[in-house]
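Work through the exercises below with the structure open beside the text. Each task is followed by a solution in steps.

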2 protein chains.
Amino acid sequence: MIGRLNHVAIAVPDLDAGIRKYRDMLGADVSAPQDLPEHGVTVVFVQLENTKIELLHPLGEGSPIAGFLEKNPSGGIHHMCFEVEDIRAAAKKLSDEGARVLGDGEPKIGAHGLPVLFLHPKDFDGTLIELEEVAV
Amino acid sequence: MIGRLNHVAIAVPDLDAGIRKYRDMLGADVSAPQDLPEHGVTVVFVQLENTKIELLHPLGEGSPIAGFLEKNPSGGIHHMCFEVEDIRAAAKKLSDEGARVLGDGEPKIGAHGLPVLFLHPKDFDGTLIELEEVAV
């Protein structure tokens, strides 16, 4: 069911410092920061050869990663995202097998403009998993 | 400097349950477990189209992931691994720029039989980064 690893998302307390580490120290190709106010984050894409890392920093009030950074002030890996072809079929299969889809269970439009949903980390070894529907 | 994301490693408290989640619920291609006694882990490879996930479970006394699972009993993402062409050059560049290489700073032979080293998570936004030298 799951296809490519679309990205690994890292919550960072200092976006400029995060950019410098990935661009200057690790020598990766790093995008300019993009504000996504409807998602409460500023995001930077670290483009690798086979996937990408996303550095997330809170934007505005009620950012979905503010609580994570309160608990993890140094930052940390927030989630990883797998691509699926049919997100509603994936959600139904997972729910039928006992996994919890976060929220109301309905896909939302994510930061890339595609349907996404998140799975409960307690059901996947403490790992927050995002599924994203991509055109194939 | 960094090339492909070689893998994301997840420490799991119950390896059989982890296998079932990735194979049966997420529909991924999952290897048989491999004991790596010299590394203190049993590992399962979840092969995705563009990279892999490694499920790690402690093996024997003094496993390097036992402490992580004590702090995170549900499991969690333990590290991510980037490929590099020249690990000694990478270690020197990172040290020169103030990042801490764990241990004595010398590469060791990792779980794939290739030279690896780990970077201090406090220097990379709370993320444990492994570098692995691969032939290119």
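## Exercise 1: the setting of one residue

Leaving aside neighbours within four places in sequence, B:Glu83 is in contact with B:Met1, B:Ile2, B:Gly3, B:Arg4, B:Asn6, B:Glu132 and B:Val134. The model is a predicted one.

**Task.** Find the element that holds B:Glu83, and decide whether B:Glu83 is buried or exposed.

**Solution.** 
1. B:Glu83 lies in strand β6 of chain B, which covers residues 76-84.
2. The relative accessible area of B:Glu83 is 11%.
3. Buried means under 20%.
4. B:Glu83 is therefore buried, at 11%.

## Exercise 2: how the two copies are related

**Solution.** 

## Exercise 3: the extent of the interface

**Task.** State how many residues of chain B are in contact with chain A, and how much area the two chains bury between them.

**Solution.** 
1. In chain B, 42 residues are in contact with 42 residues of chain A.
2. The size of an interface is often expressed as the accessible area lost when the parts come together.
3. Here chain B and chain A bury about 3600 Å² between them, and 61% of that is on carbon and sulfur atoms.
4. The residues of chain B that lose the most area to chain A are B:Met25, B:Leu26 and B:Asp125, which together make up 22% of what that side buries.

## Exercise 4: polar pairs and contributing elements

**Task.** Count the salt bridges between chain B and chain A, then say which element gives the most residues to the side of chain B that touches chain A.

**Solution.** 
1. There are two salt bridges between the chains.
2. One of them, by its partners, is A:Asp125 with B:Lys21, whose closest N and O atoms are 3.2 Å apart.
3. Polar contacts across the interface number 20 residue pairs.
4. β1 (5-11), α1 (15-25), β6 and α3 (87-96) of chain B each supply at least two residues of the side that touches chain A.
5. α1(B) gives the most, with five residues.
6. By type, the residues of that side divide into 22 nonpolar, eleven polar and nine charged.

Methods. Residues numbered from 1 in each chain as written. Chains lettered and ligands numbered in written order. Predicted model: local features only at pLDDT ≥ 70, side-chain atom pairs only at ≥ 80, totals over all residues. Heavy atoms only, no water. Helix = DSSP H or I, 4+ residues; strand = E, 2+ residues; numbered from the N terminus. Buried < 20%, exposed > 50% of the residue type's maximum accessible area, 1.4 Å probe, protein only. Contact = heavy atoms within 4.5 Å. Buried area = accessible area lost by both parts, 1.4 Å probe. Salt bridge = Lys/Arg side-chain N within 4 Å of Asp/Glu carboxyl O. Polar contact = N/O pair within 3.5 Å; in protein donor to acceptor, adjacent residues only side chain to side chain. Nonpolar A, V, L, I, M, F, W, Y, C, P; charged D, E, K, R; others polar.
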